[in-house]
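Please look through this model before reading on. The points below are meant for someone new to it.

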Amino acid sequence: MRENTLYVVVPCYNEEEVLPETSRRLKDKLTALMGAGKISEKSRVLFVNDGSRDRTWELISQLHAQNPIFSGVDLTRNRGHQNALLAGLMTAKDRCDMAISMDADLQDDVDAVDGMVDKYLEGCDIVYGVRSSRKTDTFFKRFTAEGFYRVMNALGAETVFNHADYRLMSKRALEGLAQFKEVNLFLRGVVPMIGYRTDVVEYERGERFAGESKYPLKKMLAFAMEGITSLSTKPIRFITGLGFFIFLVSILMLIYSIVRWANGETVIGWASVICSVWAIGGLILLSLGVIGEYVGKIYLESKGRPRFLIREVLDHEG
């Protein structure tokens with residue numbers, strides 16, 4: 001029989017500025033849900049320290065000592081947001097009936113937890129937190145983010161539009177996630193593959209409470225490339241189609257040149273020849289780069305390295 005034990009998994013990387021407020025809001029939220037009888041008294045907030053260089057783990061340890069509602073996982077080194085999140089979810093898997101993942105910066109609306117728990121109690125295994133709007137984003141951020149989701153879906157990667165990593169997963173959904181063994185992890189694309197009954201809860205995403213964003217433009221572009229190449233082979237198929245198209249164009253140009261020669265006309269267009277050489281050379285290098293990205297992923301997957309290593313777990317079970 002389910003006890004409706006909830007674990008809120010929060011990856012943390014250098015979050016000492018925001019952690020006191022995040023812990024306070026999450027404690028109040030879980031306490032309110034416990035009081036309403038929706039979740040078990042065994043429910044916890046599980047902070048995952050992703051190799052922080054500041055006092056993040058020290059604060060997590062203090063919170064754990066002060067109140068059993070707070071738990072902690074300390075990774076041996078920085079493994080990146082996705083692996084830290086996975087470490088927290090896999091730690092929570094055997095301790096909970098449902099887990100909610102969210103960021104530590106309080107941009108994810110804590111009040112949306114109520115709706116997610118209600119959907120779970122109605123029988124949903126996965127509940128996605130979806131942004132209702134992007135009013136707080138700059139034009140550039142909004143344009144690139146929405147473009148990212150559209151490109152991902154166009155390339156065959158099944159993602160939920162305007163959903164990041166704020167979601168609820170039931171115990172059996174977490175057990176399904178545990179069966180995905182890839183090292184190149186992109187949870188936004190992997191979770192929809194699990195199946196089961198799903199639903200969404202819309203919320204307004206706020207400004208970061210404190211500290212600095214951990215995803216500057218360079219990291220966002222790398223994250224997008226990771227997602228596309230981890231979930232779809234369409235870029236390679238696109239290269240094949242592009243090569244076929246260029247081959248057809250070259251045949252047409254050959255026919256055109258023979259006709260002009262047969263008519264006794266002087267061959268002109270050195271500039272176009274040079275441009276063509278540069279264009280073809282650029283496309284070849286681009287194609288090699290895309291293929292190399294996939295080969296590199298095969299190389300990493302074949303090694304079978306662990307996605308994370310845990311130094312310490314702080315948890316008052318039961």
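This is a predicted model: local features need pLDDT of at least 70, side-chain atom pairs count only at pLDDT 80 or more; totals for chains, interfaces and linings use all residues.

1. Residues are numbered from 1 along each chain as its sequence is written, and side-chain values use heavy atoms, with hydrogens and water left out.

2. The largest nonpolar core has 37 residues. Such a core is a set of buried Ala, Val, Leu, Ile, Met, Phe, Trp, Tyr and Cys residues joined through side-chain atoms within 4.5 Å. Buried means under 20% relative accessible area, exposed over 50%, partly exposed in between (1.4 Å probe, protein chains only). Leu6, Val10 and Phe47 touch the most other members. Elements giving two or more residues include strand E1 (6–12), helix H1 (19–35) and strand E6 (163–170). Helices (H or I, at least four residues) and strands (E, at least two) are DSSP runs, numbered from the N terminus.

3. A second, separate core holds 30 residues, including Val73 and Leu177.

4. Strand E5 (residues 126–131) is largely enclosed by the rest of the structure, because six of its six residues are buried. Ile126, Tyr128 and Val130 lie on one side, and Val127, Gly129 and Arg131 on the other.

5. E5 runs antiparallel to E6, with four bridges; Ile126 has Met169 as its bridge partner there. E5 runs parallel to E7, with six bridges; Arg131 is partnered with Tyr203. Strands pair if DSSP finds at least two bridges between them.

6. Met253 lies in helix H9 (residues 234–262). Met253 counts as partly exposed, at 47% relative accessibility.
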